[in-house]
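This briefing covers helix packing, aromatic pairs and a few backbone details. Please look at the sequence and the structure first.

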Amino acid sequence: MKWLNDNLEAALGGALLAGVVLLITVQVIMRYVFQNALSWSEELTLWTFIWFIWFGISYAFKERKHVKVTFFQDLLPSKAKATLEVLIDIAIVVFLLTMTYQSYKLISLPYVLSQKSVVLNLPIAILYASAPVGSLLSVFRITQFYLTKPTQTSLPVGG
């Protein structure tokens, strides 16, 4: 369980990124060497990349490495900085929970549940499910940060 907690996003993200690279490489070889493009590789690459992005977002929250604009935050005293960071994280959690709820509502619509992807003929809900899964995993990682290290704030760049 500890391995899963420490490596879930990195392992899935690495596998998905490797899949994207492999799919694109195979498609290029098929198209330019064999003059025979694969019909399914572009769609599968897109699906794989979208899931990769959502796991990457969660991984960045886990590692506290999201890109931030800290110009005004850096002007504040350290206690105010820490308070602002908590408020920002609360706003992010509220946004992600809203995203989860709205994504779930979208996926639950009958016309979405009945849709299939054009080439792979997979349920489009699998693609849309990346948003609530990634959002909830990100909320979990933000919450986990405060439950396990309540006095620590994010590390400075390069730290």
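At what angle do helix H4 and helix H7 pack, and how far apart are their axes? Helix H4 (residues 78-108) and helix H7 (residues 130-148) pack at an angle of about 155°, and their axes are 8 Å apart. The model is predicted, so local features need pLDDT of at least 70, side-chain atom pairs count only at pLDDT 80 or more, and totals for chains, interfaces and linings use all residues. Residues are numbered from 1 along each chain as its sequence is written, and side-chain values use heavy atoms, with hydrogens and water left out.

**Helix packing**

- Helices (H or I, at least four residues) are DSSP runs, numbered from the N terminus.
- Axes are lines fitted to C-alpha atoms, for helices over the stretch in contact, and angles run from 0 to 180 degrees between N-to-C directions.
- H4 and H7 are therefore roughly antiparallel to each other. Angles over 145 degrees count as roughly antiparallel, under 35 as roughly parallel, 65 to 115 as roughly perpendicular, and the rest as oblique.
- The crossing of H4 and H7 is left-handed. That term applies if the near helix is turned anticlockwise from the far one by less than a right angle; clockwise makes a crossing right-handed.
- Helix H1 (residues 2-32) and helix H2 (residues 41-63) have axes that come within 9 Å and cross at roughly 155°. H1 and H2 are therefore roughly antiparallel. H1 passes H2 in a left-handed crossing.
- The contact of H1 with H2 has 13 nonpolar, seven polar and five charged residues. Ala, Val, Leu, Ile, Met, Phe, Trp, Tyr, Cys and Pro count as nonpolar, Asp, Glu, Lys and Arg as charged, and the others, Gly among them, as polar.
- H1 also packs with H7, at an angle of about 135° and with axes 13 Å apart. H1 and H7 are therefore oblique to each other. Here too the crossing is left-handed.

**Aromatic pairs**

- A pair of aromatic rings is described by the distance of the centres and the angle of the planes.
- A search of the whole structure finds four aromatic pairs. Rings of Phe, Tyr and Trp (its six-membered ring) pair if their centres lie within 6.5 Å; planes under 30 degrees apart count as stacked, over 60 as edge-to-face and the rest as tilted.
- One of the four is Phe49 with Phe52. Their ring centres are 6.0 Å apart and the planes are at 35°, so the pair is tilted.
- Phe49 and Phe52 are three residues apart in helix H2, so about one helical turn separates them.
- Phe49 counts as partly exposed, at 39% relative accessibility. Buried means under 20% relative accessible area, exposed over 50%, and partly exposed in between (1.4 Å probe, protein chains only).
- Phe145 and Tyr146 have ring centres 5.0 Å apart and planes at 85°, so this pair is edge-to-face.
- Phe145 is buried, with a relative accessible area of 6%, whereas Tyr146 is partly exposed at 22%.

**Arg64**

- Arg64 lies over the face of Phe145, at 4.0 Å from the ring centre. A charge sits over a ring if NZ of Lys or CZ of Arg is within 6 Å of the ring centre and within 35 degrees of the ring normal.
- Arg64 is in the loop between H2 and helix H3 (71-74).
- Arg64 counts as buried, at 11% relative accessibility.
- Phi of Arg64 is positive, at about 60°, although Arg64 is not a glycine.
- The C-alpha atoms of Arg64 and Tyr104 are 26 Å apart in space, and the two residues are 40 apart in sequence.

**Gln35 and the residues of H1**

- Gln35 lies in the loop between H1 and H2. Phi of Gln35 is near 50°, a positive value in a residue other than glycine. Gln35 counts as exposed, at 63% relative accessibility.
- Leu4 lies in helix H1 and is partly exposed, with a relative accessible area of 40%. Leu4 and Phe34 are 30 residues apart along the chain, and 41 Å separates their C-alpha atoms.
- Asn5 is also in H1 and is partly exposed, at 27% relative accessibility. Asn5 and Arg141 are 136 residues apart in sequence, yet 9.6 Å apart in space, C-alpha to C-alpha.

Definitions and conventions:
Helix = DSSP H or I, 4+ residues; strand = E, 2+ residues; numbered from the N terminus.
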